[in-house]
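Dear colleague,

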Amino acid sequence: MLEPLRQGLPPLDPAAVSDAASCALPARYEAVREARRFTRRTLDQWDMGDHFDDVCLVVSELVTNALRHGLPASTRCAAVQEPPVRLHLMRWAERLVCAVRDPSHDSPVARETDDFSAESGRGLFLVDSFSDSWGWHPLAGELSGKVVWALFRLPRPGSGPNGE
């Protein structure tokens, strides 16, 4: 599972992954709620519930973008055999990565906006604000499309909340 995803991630040793979980998401907007539930359960299992608010906001934005911009219109309307969007959560000792795969090859574009009360168009701005870094990369081989990821730095085990 990790090999195709780590192609464009920041340099992290895939052998050092502490935990990894993923879920397939259907091509409907209710999938955002499913992604939040999956994230809550996974972070609780990893004893990381205190990170839920920021991670959940980022997961919601990445999944919404995948559904809104990463699927052909025909996919959103038709019953698809294999769910086209997949959420991956991966944890290293000091990092958590949320990655969302969709079938589109189009790069995500952060919109420039001064209207912070707008109800759309701020997703990648929020991802950038709440995560430590984010990026994307196209997939090659059998997996088609792209992965958009966000990285969260975690305090070192045994250190205080500020890494002290």
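A salt bridge is taken here as a side-chain nitrogen of Lys or Arg within 4 Å of a carboxyl oxygen of Asp or Glu. This is a predicted model, in which local features need pLDDT of at least 70 and side-chain atom pairs count only at pLDDT 80 or more, while totals for chains, interfaces and linings use all residues. Residues are numbered from 1 along each chain as its sequence is written, and side-chain values use heavy atoms, with hydrogens and water left out.

The structure holds six salt bridges. In one of them lysine 146 meets aspartate 102, with the closest N and O atoms 2.9 Å apart; the pair links distant parts of the chain, since lysine 146 lies in strand β5 (residues 146-153) and aspartate 102 in strand β3, 44 residues apart (strands, E, of at least two residues, and helices, H or I, of at least four, are DSSP runs numbered from the N terminus). Both lysine 146 and aspartate 102 are buried, where buried means under 20% relative accessible area, exposed over 50%, and partly exposed in between (1.4 Å probe, protein chains only).

Arginine 153, for its part, forms a salt bridge with aspartate 132, the closest N and O atoms being 3.9 Å apart. Aspartate 132 is partly exposed, because its relative accessible area is 41%.

Elsewhere, Arg28, Glu30 and Glu34 are linked in a network of salt bridges, within which the side chains of arginine 28 and glutamate 30 meet at 3.7 Å, N to O.
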